[in-house]
Amino acid sequence: MAYETADPQLYARSLEALAAVPTSPLTGMDGTIAVTDPATGEQIATIPNHTVATALEAVSLADAAGRAWAKTTPRHRSDVLHNAYALLIERRDDLALVMSREMGKTITESYAEVQYAADYVRWFAEEALRAGGSYREAPAGGATMLTTRAPVGLSVLITPWNFPMAMATRKIGPALAAGCGCVVKPATLTPLTTYLTVQLFEEAGVPEGLIQVITTKSASAFSEAVLADERVRKVSFTGSTPVGSTLMQLAAKNIIKSSMELGGNAPLLVFDDADLDRAIEGAMLAKMRNGGQTCVSANRMFIQQGIADDFIAGFTERMAALVQGNPLNREVELGPVVDDRAVQRLEHLVTDAVSHGADLRTGGNALPGAGTFFEATVLDNVPVAAEITTTEIFGPVASITRFQTQEEAIAKANDTCFGLAAFVFSENIDRALNVSEALETGMVGINQGLLSNVAAPFGGVKQSGIGREGSSEGLEEYQEIRYFNLTRR
Ligand code: NAD
């Protein structure tokens, strides 16, 4: 493993980008929250620790602006979103640099996220024009039934730290396209990208007040107060399953429409008839995108006995060769994990797996020095009893188990309360489809390790969530169906 430091020019540019991040216009705060760079431990900004009263003020402002926005034409909302897309792309350097500094994503991946995040805005600019209804005769005649899709109303959008821009735009985009105002609460680890993104929406023509950003250390006090407010009609959350469950319980009180994009425990299945190179390439992407810190990350890798030795040798070689280091360096392929707690969790999971009999093929350690780095790690022959098989790893650690038969692989893959994503590698199209259909997940990548696409419905089943983001279904999450009955004489 090579270790690289920051490129001085990118570092200098990142300071300018950080200085350009706007401050919150909401002044009611209880002190501030420090934002740090996980690659260096350096404090890079402070943001307000907004009070509950400020959060409720944000609800009032977004609700008032949202009622006016709901009356604008779809064409107007679409044009504003197209303007926002153009501005996000124009400012991609600033957005990518800020994202790498606060989150630790490699600069190459930050650029990819800016494009992906902006693509959601463009997609929903287009979908804004396509929201349709229906017109039909009552079956017994004598009446015409019309349906339309109306904006659901004020939306609370709560986002995680791992994709700070894309998780925000795939909620803000459809909320605005549908005609809703919103209050966004980013993770305190990565609020800067959200502040900058929202400023660009406003420069693009989004009316003042329509998108509110609240940053707070007291996430539970925020959700308890805001979801008790009867003006809030929608909550969209991306984050862990326990928090999602709490939010659904809070939303239940006022029957608030809820979308939940929650945790995963994705299986990755490689069959003997897979193309070895394609499987290794796909597994690298499925496991290591964003340093393994994705909800769809291949958490449990099941490899069929006949291909296992070759696959594991090739995969381990690729993992061990990854260039790690400061994300502000174009050579770097693996940055830090997000914080100290993540390092400690990974250390614990690796130690626990080894103590249960797993074989450590490469890595296994935190890196000394400033920053929260953990080596790319491969664990082979991981027994079911190891904690790593049931919990989200959320880091650069691969957990591998071997299997004999297709039935055994499917049973193992489905033996989890989660159902977000899965990956299947086989050159036999019948097998690939049969296995994909048998897997209890919302999404399956077949012979590839990247699933996300703005035009596809992203989301899970079982305890991985409710609802879908992206695609036309993503817009419907911010709409209510209304029906009008015209009696005919
Ligand atoms: P988290 O659940 O700890 O936090 C997510 C967000 O919720 C943050 O903004 C946090 O401040 C906020 N939050 C926490 N408790 C809250 C409460 N009681 N009320 C209101 N807000 C609260 O998750 P995280 O560690 O930030 O993100 C990682 C998790 O997100 C993983 O489980 C991952 O699988 C999941 N995730 C899911 C998807 C998906 O699309 N399904 C995408 C990305 C991440």
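**Exercise 1. Describe where the annotated active site lies and whether Glu261 is buried or exposed.**

*Solution.* Step one is the record: in UniProt, an unreviewed entry places the feature "active site" at Glu261, where positions follow the numbering used here, feature names are shortened, and annotations may be inferred rather than shown by experiment. Residues are numbered from 1 along each chain as its sequence is written. The structure is a predicted model, in which local features need pLDDT of at least 70 and side-chain atom pairs count only at pLDDT 80 or more, while totals for chains, interfaces and linings use all residues.

Step two is the element: Glu261 belongs to strand S10, residues 257-261. Helices (H or I, at least four residues) and strands (E, at least two) are DSSP runs, numbered from the N terminus.

Step three is burial. A residue is buried if 20 or more other C-beta atoms lie within 10 Å of its own, exposed if 12 or fewer, and partly exposed in between, with C-beta atoms placed from the backbone. Glu261 has 27 other C-beta atoms within 10 Å, and is therefore buried. Four of the five residues of S10 are buried, so this strand is largely enclosed by the rest of the structure.

Step four is the contacts, meaning C-beta atoms, placed from the backbone, that lie within 7 Å. Leaving aside neighbours within four places in sequence, Glu261 is in contact with Phe237, Thr238, Gly459, Gly465 and Glu469.

**Exercise 2. Which residues come nearest to the ligand, and which helix gives the most to the shell around the ligand?**

*Solution.* A residue counts as near if its C-beta atom, placed from the backbone, lies within 6 Å of the molecule or strand in question. Of the 29 residues around the ligand, those that come nearest are Pro160, Ser223, Gly239, Glu261 and Cys295. Two elements give two or more residues to this shell, namely helix H8 (219-226) and helix H9 (241-253). H8 gives the most, with four residues.

**Exercise 3. In what order do the three strands of the open sheet stand, and in which sense do they pair?**

*Solution.* Two strands pair if DSSP finds at least two bridges between them. The order is S4-S5-S22, and the pairing is antiparallel. Strand S4 (134-137) and strand S22 (479-487) stand at the edges, each with a single partner strand, so one side of each is left without a neighbour in the sheet.

Next, take each pair in turn. S4 and S5 are joined by four bridges, and Arg136 has Met145 in S5 as its bridge partner. Their hairpin has five residues between the strands, and in this hairpin Gly141 takes a positive phi near 80°. Strand S5 (residues 143-151) is joined to S22 by nine bridges; Ala150 stands opposite Glu480, and Leu146 opposite Phe484.

**Exercise 4. Which residues have the most contacts inside the largest nonpolar core?**

*Solution.* A nonpolar core is a set of buried Ala, Val, Leu, Ile, Met, Phe, Trp, Tyr and Cys residues joined through C-beta atoms within 7 Å. The largest such core has 146 residues, and those with the most contacts inside it are Leu81, Ala84, Leu268, Leu269 and Val270. Helix H5 (residues 107-127) gives the most to this core, with nine residues. Not counting residues up to four places away in sequence, Leu81 touches several residues, including Val121, Phe124 and Leu176.

Note on methods. Two residues are in contact if their C-beta atoms, placed from the backbone, lie within 7 Å.
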